[in-house]
Amino acid sequence: SDMSPVELVTVAGSNGDLYKALQTLPGVQVQGETGRLLVRGGSSEETQTYIDGLHVLKPYTSTGINSAARSRYSTFMFSGVNLASGGAPLEYGQALSAVLPLETKDESPVTKLGVNASIVGVGGGGTRAFRRGSLSVDLTCQHLGLYDKVYSGRREFKEPYKMFSAATQFRHSLGEDVLLKIYGQYDRTDFSTYEDGDTRRLFSLGEDNVYVNATLRRPMKEGWEWFSGAAFSYNRQGIAGATQPGDRWEERQQELHVKATATRLWASGLRIGGGVESFIRRYENRYAWREWEDMGKVCPVVSSVFFSATWFPWEKLKTEASVRTEYTGQDKRMSLSPRVAVNGYVGDAVLSATVGRYTQQTEFRCLSLCPDLPSSTCWQYNLGVQYERGGRFGKAEAYYKDYDRLPLWEGSSLTAHGYGYSTGFDLFFLDRVSLKNVEYRLSYTYNLSRRRYLEYTELTTPQYATRHNASFVLRWSIPRLRLILGLTDTYTSGRPWHNPVLPGLMNDEVKPYNSLDLGMTFLLSPKVILTASATNILCRRNEFGRVDGHPVLASADHFFYVGVYVTLGRKVAYDVSNF
């Protein structure tokens, strides 16, 4: 699933959002009402995002009920994207289903400055390059007041969605192959909207979010390479009218992630590596109806040590064995997670097999109610084959996931007696050569997910899981017109819901989801880019399950975007992210 930033932002219907573009990949299920990543039957909390090897606590923007969130970070900030949809390396912990490791660009040798404007906001920034380093700044202000007047959707705003974001990155080479990177971002979100139809409860949200990380890579004696880094995440969210008029909910989350690794490649084809890391977290919430009441507070700590060895016994055979041990301070429990991966090369084909155990601490809200809940576990088994030749790439992979120690409500008690499984297969085909200047890709995922957890007291398919998921993505470049046209067609089978007139739990499905999206990117001049996109142009009324018989609908059936990006430099064309 390697994709460049240009490939991601030109996916029709993505509207420049990283997570929306990734929903067209195999293994990922469409989550139109939240915009988050769901991979192979797992919930969105089971897929974790890492930037330069360090965890991001809150990678999504906050939105209203049934409104799709977006990534907080510009797609162009990264050198590439590789979603590990199954069998991820054990260096990345605290993710039951998948990890999204993002690597920022190592250097920016050109001084540049740019501005942009769209129907949803304005932005600008640039980079100052200097000897052996650079400093970048990016400012963005989003305001959906104009968009809401043009197309208001189902939601009535009293104050339209507003977000201000400021980001900076410092990169400096301290010597040969020694690189220091520091990245920081702050964003503020505000909006208020009416909920509950006739009761017109005013739901008002205000949020502050901070993410800072610093990393250092350097070579050591005798061929060793050393990496160290730390990341700090902080999120404070306040909601008025959370459940009824006049109440207030406040939630604070923070995390310090520290990590150090060392690796070495030996001449015999053996590569060994290992590291240590710790997640130091704090969570608290409180609720006010006339007066404040503390609802929960927890300070969990997860510390781990991991080790891996990769060996090429023959030129066309790669084997990897790794182990990760974790200690969770809340329940004072030690866990051991092994992983084995084998890749065999037969001509242009690669056969692969992976088996591994993964753990993840229960989400904060469950821990605040029952602090001694143990971490959930998942065994993953993957068997696949991929083929690449002459601009064509194909891949097929079957998987099975076995869950244990999931949080489960038993009466009024929250326990770790939940369990479940998820099984299926992914198919993917990419073609860049059959048609001139045309690239297209096909993705299909079959998934059968059943679990007994949280309020699901029987082993059943959760509300967010769909059986069939398919997408077709096309990009057509027209060099003479300096134009890229995009088309995306996405289909998923219907979401399950509980129909009380039928036997069993989650025993019915809504109609299938389908969205046809169009996009266009036009280079007006070497320094001016115009981009536009529209989603669901066939005007389908897509449902995402039902609650008490009422359909779950996104806040809007369609979305459109028009933006222009202009460089102010004399020598360079505009870089959308300014980084």
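Helices (H or I, at least four residues) and strands (E, at least two) are DSSP runs, numbered from the N terminus. The structure described here is a predicted model, in which local features need pLDDT of at least 70 and side-chain atom pairs count only at pLDDT 80 or more, while totals for chains, interfaces and linings use all residues. Residues are numbered from 1 along each chain as its sequence is written, and side-chain values use heavy atoms, with hydrogens and water left out.

Most residues other than glycine have a negative phi. Asn-536 is not a glycine, yet its phi is positive, at about 50°. Asn-536 sits in the loop between β31 (528-534) and β32 (543-547). Buried means under 20% relative accessible area, exposed over 50%, and partly exposed in between, with a 1.4 Å probe and protein chains only. Asn-536 is buried because its relative accessible area is 2%. Asp-548 also has a positive phi, near 55°, and belongs to the loop between β32 and β33 (550-553). Asp-548 has a relative accessibility of 73% and therefore counts as exposed.

Rings of Phe, Tyr and Trp (its six-membered ring) pair if their centres lie within 6.5 Å; planes under 30 degrees apart count as stacked, over 60 as edge-to-face and the rest as tilted. By this rule there are 21 aromatic pairs. One of them joins Tyr-513 and Phe-544, with 5.7 Å centre to centre and 45° between the planes, a tilted arrangement. Tyr-513 lies in strand β30 and Phe-544 in strand β32, so the pair ties together parts that are 31 residues apart in sequence. Both Tyr-513 and Phe-544 are buried. Elsewhere, ring pairs link Phe-157, Tyr-161, Phe-191 and Phe-203 into a cluster.

On a 1 Å grid over the protein atoms alone, a cavity is a set of points where a 1.4 Å probe fits but cannot get out, and lining residues have an atom within 4 Å of a point. Grid points are joined across faces, edges and corners, and a volume is the space filled by probe spheres set on the points. There are seven cavities of 30 Å³ or more. The largest cavity has a volume of about 90 Å³, and its lining includes Val-11, Lys-20, Gln-23, Thr-488, Tyr-513 and Asp-517. At least two lining residues come from each of β27 (483-492) and β30 (513-525). Ala, Val, Leu, Ile, Met, Phe, Trp, Tyr, Cys and Pro count as nonpolar, Asp, Glu, Lys and Arg as charged, and the others, Gly among them, as polar. On that basis the largest cavity is lined by four nonpolar, six polar and two charged residues.

The second largest cavity holds about 70 Å³ of space. Its lining has 16 residues, of which Gln-23, Leu-25, Val-28, Asn-469 and Ala-470 are the closest to its centre. Strands β25 (438-452), β26 (468-478) and β27 each give at least two residues to this lining. The classes here are seven nonpolar, nine polar and no charged residues.

Past β27 comes Ser-493, in the loop between β27 and β28 (496-497). Ser-493 counts as buried because its relative accessibility is 8%. A polar contact is a pair of N or O atoms within 3.5 Å; within protein, one must be able to donate a hydrogen and the other to accept it, and residues adjacent in sequence count only if both atoms are side-chain atoms. A polar atom of the Ser-493 side chain lies 3.1 Å from the backbone nitrogen of Arg-467. Contact means heavy atoms within 4.5 Å. Leaving aside neighbours within four places in sequence, Ser-493 is in contact with Thr-466, Arg-467, His-468 and Pro-512.

Another serine, Ser-62, is placed in the loop between β5 (54-55) and β6 (78-82). Ser-62 is buried, with a relative accessible area of 9%. Its side chain makes polar contacts with the side chains of Glu-207, at 2.5 Å, and Gln-237, at 3.1 Å. Apart from neighbours within four places in sequence, the contacts of Ser-62 include Arg-72, Thr-189 and Leu-205, as well as Tyr-161 and Phe-191. Tyr-161 and Phe-191 belong to the ring cluster named above.

Definitions and conventions
On a 1 Å grid over the protein atoms alone, a cavity is a set of points where a 1.4 Å probe fits but cannot get out, and a pocket is an open set with protein on both sides within 12 Å along at least five of seven lines; lining residues have an atom within 4 Å of a point.
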